Amino acid sequence: MSVAGDVDKYEKVMELAKRRGFFWPSYEIYGGVAGFYDLGPLGVRLKENIVSLWREHFIKRQQHVVVEIETPIIGPSRVYEASGHIEHFTDPIVECLKCGRKFRADHLIEEKLGIKAEGLTPEEMTKIIREHDLRCPVCGGPLSEVRRFNLLFKTTIGPYTQNVGYLRPETAQGMFVAFKRVYEVSRQRLPLGIAQVGRVARNEISPRQGIMRLREFTIAELEFFFDPEDPWQGGVLDELLGRLGDTKLRILTADAKMRGKDKPEEYGVREAIEEGVITTPWLGYWMAIARDFVLDLGVSYSDMYFDEKLPEERAHYAAQTFDQLVRVSRLGWLEVSGHAYRTDYDLSRHMKYSGQDLRVFKPLKEPKIVEKKIVLVDPRWLGQTFRKKAKDIMNALRELDAESVEKRLAEKGYIEVLGARIPADKVKIVTKKEKITGKKFIPHVAEPSFGVERLLFVTLDHAYTERDGRVVLKLPRRIAPVKAAVFPLVRDERLVKIAREAWWRLLDAGFYAVYDDDGSIGRRYARVDEIGVPVAITVDYQTLEDGTVTLRDRDTWKQVRINLSDLVDAVRRFIYENTSLEKLAP
RNA sequence: GCGGCGGUCGUCUAGCCUGGACUAGGACGCCGGCCUGCCAAGCCGGAGGUCCCGGGUUCAAAUCCCGGCCGCCGCACCA
């Protein structure tokens, strides 16, 4: 059982991961570098299977509204200025020169002096600290200059240039920047989800907890664009929600937290959306998908909940955020995904910084004819009377509301614009008909975002069991890195020959499978149990007589006999259709 | 970054306090052979160690001292 604070199990899982080749610290022969991990042969395959399961849930099942792209890891600084990462991903830090403790300079100034310091330059903050003789709040020592620490990795683009580039801290900006093009190739339809799986880098100050907090890792992200005025997008969301049935989510709301609660409550997805617990419907839908996905990794419902972030805990771009937490050994609750309502923040920012129009056009069902009053002035008179000022006056007149102009003309017989008096007989108010076919707007975004390496750990942690003093990794069959093992009962030439043929047959059918004839049969079962091979096939003396072999279930250790000729199909059904062993026996 | 603790074959570990006889021991794992009729059986043989790195003290350092790196815990930090 997985219990928070189960240190022993954590050690065992990490030891297994290293010993059998799931993952280990990078650059080991040079002493290692904190925050970097290699994936080993089994780790790569497990990760691949987890990612493909993610694609099943987040892309394939919604393929009518979700597409996947791939964008570069390195981006020009402009992109990260626009995204707000250069400003917000950078913390102003002061260090105590005596005890070495570090503090957020702006927080310290606000807390101790009551001066708003957010957004000030490091120099300005240093000045404030000096003027008020602010000292270390812990030991009273003197403070250093204020420095900026940025979590973005910096590089240059091209040789010998000042052209600064950054390694992306999330894949999301790739989707925002490419939105217009993807929207085009997706036939200009909303809602539109753009997914990406890729590596990101964050220069963490002090990464720890092994593979749980890395400086470089893989993110599986979805930016889901929708119309904020019609979030249900006609029937699209309704249909998708309908297919979920009565999926329940465990949620600890910010509201509940502020009331001092720390236990999540259960909500139906629709209920959570309709009651406004989740402020935008699509965020709720993707949380339900996230729930199902993590369940498929072998995590039980009660070992998972969604934790709403308090306003001050949220990222700069988010209007509402939920973290999906999973219970793991030692660390307790671990964040495996974040679900953020990013509103139109990112697209607006990129519009501003790029100068491109990233809005989408929404046609009205029927074009609307609106009547609009406009102010007309006799242009000849205006030009001759005011000469060079005429153009400015004309522009100023256009800004005026026609109704109020009409009113003032009626009252006074003239209007004044920019000091120019225009009599009523030079002004005409006319009513014009205008046809409105639709409008442009900036889509809003709901974003589910997963840390893949964390999922890898979570999967191993929840699969780890012991039986009779041996390790049995009860990985869900679909994501097991090796699907089957083939053994001759003993190393008898006749059995070996048949076993190797059976093994090749599985390989030809596309399975990852191992063959082993070393040591006792029990030892071989143990070896493959430890890396979570779901099924073992044993060729024995009965095989010589009737052409049957045994299938042994990793989780129950039970065996059934099947015909050798049915092997590939039986394995396929066992792995991908989750058919029980008993049902495979003829 | 600060403080505490730690780092020895692939893995887990003994040895460190009290320096020498340590050619660094064990278990598991791994490789070869034998054996083996279903759950880490047995026998024979074998490979495998920069004792984290660098420097210092000493006739002599895995062992003592200093610095660095890495890990864990606490603090701080953390979209």
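Which residues are buried in helix H13 (residues 345-354)? In this predicted model, local features need pLDDT of at least 70 and side-chain atom pairs count only at pLDDT 80 or more, whereas totals for chains, interfaces and linings use all residues. Residues are numbered from 1 along each chain as its sequence is written, chains are lettered from A and ligands numbered from 1 in the order in which they are written, and side-chain values use heavy atoms, with hydrogens and water left out.

The buried residues of H13 are Tyr-345, Asp-346, Leu-347, Arg-349, His-350 and Met-351, where buried means under 20% relative accessible area (1.4 Å probe, protein chains only). Helices (H or I, at least four residues) and strands (E, at least two) are DSSP runs, numbered from the N terminus. The cover over these H13 residues includes helices H3 (77-82), H4 (85-88), H7 (172-177) and H8 (179-185), together with strands E11 (216-226) and E16 (332-343).

Asp-303 is located in the loop between helix H12 (281-296) and strand E14 (304-308). This residue is buried, with a relative accessible area of 11%. With residues up to four places away in sequence not counted, Asp-303 touches Arg-250, Leu-325, Val-326, Arg-327, Trp-333 and His-462 (contact: heavy atoms within 4.5 Å). The side chains of Asp-303 and Arg-327 form a polar contact of 2.8 Å; such a contact is a pair of N or O atoms within 3.5 Å, and within protein one must be able to donate a hydrogen and the other to accept it, residues adjacent in sequence counting only if both atoms are side-chain atoms.

Around RNA strand B there are 48 residues, of which Glu-15, Phe-89, Arg-202, Ser-520 and Arg-527 come nearest. Sugar and phosphate make up 49% of the atoms of RNA strand B that come within 4 Å of the protein. A residue is near the strand if one of its heavy atoms lies within 4 Å of it. The surface near RNA strand B takes its largest share, seven residues, from H19, which spans 521-530. Phosphate oxygens of RNA strand B lie 2.8 Å from a side-chain N or O atom of Arg-523 and 2.5 Å from a polar side-chain atom of Arg-527. For Gln-559, a polar side-chain atom is 2.9 Å from a base oxygen of RNA strand B.

Technical notes. Buried < 20%, exposed > 50% of the residue type's maximum accessible area, 1.4 Å probe, protein only.
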